[in-house]
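Please find my notes on this model below. They go point by point.

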Amino acid sequence: MAHLFNLNPNDIRVNFEFLESKDIFSRSLFLVGEIGGNDYNHGFLQSWSVEEAKSLVPHVIDTISTAINDLIDMGAKTLLVPGNFPIGCIAAFLTYYENSKVEDYNTSTGCINWLNEFSEYHNNILKQELNRLRYIHPHTTIIYADYFNAVMNILSPANSTRLEKVPLAACCGSGGGRYNYGKSISCGSENSTVCGDPSTYLSWDGLHFTEATYKAIAKGILEGPFADPSINKTCSSSNIGYVVKELTINVSKAD
C-alpha cells in the first residue's frame, strides 16, 4: 500500500539547511568560553567573600554545560573549553585588595593566593563537569584549555623564555601606585601613562592582558602543553586539523 506525504517545499529547505549546518558544525572547532570571568570579577570588585563567589560557581558551570550540550545537539564534534584565568595576578584585584599581609601573596609571582585558589576551585569543578560530558558524549572531543597555568607559566621563575621578572602592574593606567591601576584614571584618559614596551608586561590596562600575553596563552594552548587532550594530537588526523594548523601559523606570524 502506497503512502502519500504532503511535502511542504519550505520544510524541505529547512531540513536541508539543518543537515548542511550539522555538517559544517561537525567540521568546526568551537571555543566555548571563557565563561564566568566577568561574573566573578563584578562580585570581587564589590568586596564579595570567597563563599559568596563560590555559591555562583554551580550556576556558571551549569551554563557552560548547557552551551556544550546545545552545540553537540546541533552537530558539534570538537569543542575547546577554557578555564578561568588566575585573577590573583590581575592588576585591578592586586590594587583593590592590596595589603601588608605577607601570607596573602605568592612569594615567587607576587599574585594574591586566595584569589588564585578561587580560580582553581572554579576550574576543578569545570574539569569534573567536562569529564561527565565526555562520558555521555563518547563520540565528541571536549578539550580543556588551561588558561590558568598558561598565564602562571609566564610568571614562573622556571620559565626559560622569560628574560626578566614580568611586571604585574598595568602597562597603561593611572600613572601611580604599585600596580598602575585606578578607577578614576583609566587607560586612555588624559592623565594616564603607558609603558615603553607592552610586550614585557602581563597586563595592558589592569583588567585585560597585553597582546604578548595572549599570544603566549594561544601558543601554550595550540602547541602545548596547556590543553587536555592535546589539540595537535586530537585534531591532526581529523577534518578540523587544517583549522588548528592555520591558527598555529597565524600565531607564529605574530612574532
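**Notes on charges, core and strands**

1. Glu-223 forms a salt bridge with Lys-219, with the closest N and O atoms 3.4 Å apart. The term means a side-chain nitrogen of Lys or Arg within 4 Å of a carboxyl oxygen of Asp or Glu. Glu-223 is partly exposed, with a relative accessible area of 38%. Lys-219 is partly exposed too, at 25%. Here buried means under 20% relative accessible area, exposed over 50%, and partly exposed in between (1.4 Å probe, protein chains only).

2. Some ground rules. This is a predicted model, in which local features need pLDDT of at least 70 and side-chain atom pairs count only at pLDDT 80 or more, while totals for chains, interfaces and linings use all residues. Residues are numbered from 1 along each chain as its sequence is written, and side-chain values use heavy atoms, leaving out hydrogens and water.

3. The whole structure has 2 salt bridges. Arg-132 pairs with Glu-129 in one of them, the closest N and O atoms being 2.7 Å apart. Both residues lie in helix 5, 3 residues apart, about one turn of the helix. Helices (H or I, at least four residues) and strands (E, at least two) are DSSP runs, numbered from the N terminus. Arg-132 counts as partly exposed because its relative accessibility is 40%. Glu-129, at 16%, counts as buried.

4. What does Asp-146 do without a salt bridge? Asp-146 is buried, and Lys-127, the nearest side chain of opposite charge, is 5.8 Å away. Lys and Arg count as positive, Asp and Glu as negative; His and the chain ends are not counted. The Asp-146 side chain does make a polar contact with the side chain of Asn-149, at 2.8 Å. Such a contact is a pair of N or O atoms within 3.5 Å; within protein, one must be able to donate a hydrogen and the other to accept it, and residues adjacent in sequence count only if both atoms are side-chain atoms. Asp-146 sits in the loop between strand 3 (141-145) and helix 6 (147-155).

5. Strand 3 is mostly covered, with 4 of its 5 residues buried. Strand 2 and strand 3 pair in the parallel sense over 5 bridges; pairing requires at least two DSSP bridges. Ile-143 in strand 3 is the bridge partner of Leu-80. Strand 3 and strand 6 (residues 227-228) run antiparallel, joined by 2 bridges.

6. The largest nonpolar core has 58 residues. Such a core is a set of buried Ala, Val, Leu, Ile, Met, Phe, Trp, Tyr and Cys residues joined through side-chain atoms within 4.5 Å. Helix 3 gives the most, with 8 residues.
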